[in-house]
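Please study the sequence and the structure before reading each solution.

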Amino acid sequence: MAADKSADGTSKLPVVFPPWLDRLQIKYMNPVVKPLSKFLPGMSVIKHRGRRSGKPYETVVTTYRKGGVLAIALGHGKADWVKNVLAAGEADVRLFRRELHLTNPRILPAGSADKSLPFAVRLQNNKVAVLIADVS
């Protein structure tokens, strides 16, 4: 398993997908899945703004909700959309044809999930970090 690298070369978050798969997914898979996401269980579109440009972006993610908490496993590491959401401190998610506003986003390092999260996320958290946000 690889690790996300920061500018100074230190390891950040574990990554389970190779970089070529990231590029393939962004260019070809996401445009196909995005319109279908409102019909596919677990698939969501997170809407966020660029940190520097302020440009609006939409990214397809797999979400897990339990009560007032929404969780997203970060198999691709600290991707740009994650950095954007953390910098803004909020985002919107289209989940099952509903728009939810997320606040207080934070990252749980790999292996640190507790019982309050959905079971599927706890399993994934053994190897990857998880973005957690409150639904408001």
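**Exercise 1.** Determine whether aspartate 134 is buried, partly exposed or exposed, and find which side chain it meets in a salt bridge.

Solution. Step 1: the classes are buried (under 20% relative accessible area), exposed (over 50%) and partly exposed (in between), computed with a 1.4 Å probe on protein chains only. Aspartate 134 has a relative accessible area of 23%, so it is partly exposed.

Step 1: a salt bridge requires a side-chain nitrogen of Lys or Arg within 4 Å of a carboxyl oxygen of Asp or Glu. The side chain of aspartate 134 meets that of arginine 106 at 3.3 Å, N to O. Arginine 106 is likewise partly exposed, at 31% relative accessibility.

Step 2: helices (H or I, at least four residues) and strands (E, at least two) are DSSP runs numbered from the N terminus. Arginine 106 lies in strand E7 and aspartate 134 in strand E8 (residues 130–135), so defined, and the pair, 28 residues apart, links distant parts of the chain.

The model is predicted: local features need pLDDT of at least 70, side-chain atom pairs count only at pLDDT 80 or more, and totals for chains, interfaces and linings use all residues. Residues are numbered from 1 along each chain as its sequence is written, and side-chain values use heavy atoms, with hydrogens and water left out.

**Exercise 2.** State how many salt bridges the structure holds, and describe the one formed by lysine 47.

Solution. Step 1: the structure holds 2 salt bridges. Step 2: lysine 47 meets glutamate 99 at 3.1 Å, N to O. Step 3: lysine 47 belongs to strand E3 and glutamate 99 to strand E7 (residues 98–108), 52 residues apart. Step 4: lysine 47 is partly exposed at 26%, and glutamate 99 is partly exposed at 47%.

**Exercise 3.** Describe the largest pocket by volume and lining.

Solution. Step 1: on a 1 Å grid over the protein atoms alone, a pocket is an open set of points where a 1.4 Å probe fits, with protein on both sides within 12 Å along at least five of seven lines; lining residues have an atom within 4 Å of a point. Grid points are joined across faces, edges and corners, and the volume is the space filled by probe spheres set on them.

Step 1: the volume is about 1,100 Å³. Of the 43 lining residues, the closest to the centre are Gln25, Thr59, His76, Ala79 and Trp81. Step 3: H1 supplies the largest share of the lining, 10 residues.

Step 2: Ala, Val, Leu, Ile, Met, Phe, Trp, Tyr, Cys and Pro count as nonpolar, Asp, Glu, Lys and Arg as charged, and the others, Gly among them, as polar. The lining has 24 nonpolar, 12 polar and 7 charged residues.

**Exercise 4.** Locate phenylalanine 96 and asparagine 104, and give the phi of each.

Solution. Step 1: phenylalanine 96 lies in the loop between E6 and E7, and asparagine 104 in strand E7. Step 2: phenylalanine 96 has a positive phi of about 55° although it is not a glycine. Asparagine 104, also a residue other than glycine, has a positive phi near 55°.

**Exercise 5.** Identify where pLDDT stays under 50.

Solution. Step 1: pLDDT is the predictor's confidence in each residue, from 0 to 100. The chain's mean is 87, and 92% of its residues reach 70 or more. Step 2: pLDDT stays under 50 over residues 6–11, for which the model has 5 contacts (heavy atoms within 4.5 Å) beyond four places in sequence. Step 3: where pLDDT is low, predicted coordinates should not be read in detail.
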